[in-house]
Amino acid sequence: MVYLLLILSVLSGITLGYFFGRHQKFAKRLLILSAGFLLSMTVLEVFPAVFQGQSHNIGVWILGGVVLQLILESLTKGFEHGHFHHHEEEKNIFPVALIAGMFVHAFIEGIPLSKMPNEITPYLQGILVHNIPISFVMGAFLLTGNYNKKIAWTVIALFALASPMGMLLGQYFNPEYQVYTLAVVSGIFLHISSVIIFEGNKNHKLDLEKIALVLVGIGVAYLGHLSHHH
């Protein structure tokens, strides 16, 4: 069930990106909405789970997740937060680097799922919501651009299978390491959601639409949080 949902979330985003990928405003709105959801889920669900343990250096692992995401973005060129890279920038993204960055990103996110109940947990919801806009950008860029379609679908297939593979491998990890992998992922989520929310404001003007979309994402995640704990 969880494996199927992970794959379907990617395929849904890819389909949307293929048909609506040139509508960049729609993509940006989808990203901002998902960022509000992801940030809220991280603060309300993941952080409490991380800090309820006895490890005194767990914050270092969260910071490690932030740094890891910075490194991965040097490979993916910002696919996680909606950079389309049209025209002359397209030649700067090499398929191998893109595959590696996106695969590692999704693989790590899948590891904590191995130690969670086989149900739609808030953490799983966060990954599913996060996958759709990333896949949207990937579908728009790879399937409507000038890339070889075999390479494009190879990248898509690897990305779709990355989180399920992380979840599968995570079953062999010591359960005591769960809190550390969760801390790293929370750092990744924190970085991605913050970048999406805060970048792109022209002259730092108040953007009411962005604020509204973020609040909707936060509100939906909060309702899920309440329902999960009652």
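Predicted model: local features only at pLDDT ≥ 70, side-chain atom pairs only at ≥ 80, totals over all residues.
Okay, a quick definition before I start: a crossing of two helices is called right-handed if the near helix is turned clockwise from the far one by less than a right angle.

Helix α3 is residues 58-76 and helix α7 is residues 178-198, and their axes come within 7 Å, crossing at roughly 50°. That angle makes α3 oblique to α7. On the α3 side the contact uses I58, W61, I62, G65, V66, L68, Q69, L70 and E73, and on the α7 side we have V179, Y180, A183, V184, S186, G187, I188, H191 and I192. Sorted by class, that contact of α3 with α7 comes to 12 nonpolar, 5 polar and 1 charged residues.

Next up, α1 and α5. Helix α1 covers residues 2-20, and it packs on α5 with the axes 6 Å apart, at an angle of about 40°. Here too, α1 goes past α5 in a right-handed crossing. From α1, the contact residues include L6, V10, I14 and F20, and from α5 they include L128, I132, F136 and L143.

The α5 residues N131, I134, S135, M138, L142 and L143 touch K149, A152, W153, V155, I156 and F159 of α6. In this contact of α5 with α6 you get 9 nonpolar, 2 polar and 1 charged.

On to charges. How many salt bridges does a search of the whole structure find? It finds 1. The partners are E209 and R29, whose side chains meet at 3.1 Å, N to O. In the chain these two are 180 residues apart: E209 sits in helix α8, residues 208-228, while R29 belongs to helix α2, residues 24-51.

Last bit, the annotation. The unreviewed UniProt entry marks "transmembrane region" at residues 6-21, 30-50, 56-72, 93-111, 123-144, 151-173, 179-198 and 210-228. I'll pick out two of those spans. Residues 30-50 are 100% helix and 0% strand in the model, with the end C-alpha atoms 28 Å apart. Residues 56-72 come out at 88% helix and 0% strand, and there the end C-alpha atoms lie 27 Å apart.

That's my tour, over to you.

Note on methods. Residues numbered from 1 in each chain as written. Heavy atoms only, no water. UniProt positions renumbered as here; feature names shortened; annotations may be inferred. Helix = DSSP H or I, 4+ residues; strand = E, 2+ residues; numbered from the N terminus. Contact = heavy atoms within 4.5 Å. Nonpolar A, V, L, I, M, F, W, Y, C, P; charged D, E, K, R; others polar. Axes fitted to C-alpha atoms, helices over the stretch in contact; angles between N-to-C directions. Salt bridge = Lys/Arg side-chain N within 4 Å of Asp/Glu carboxyl O. Parallel < 35°, antiparallel > 145°, perpendicular 65-115°, else oblique.
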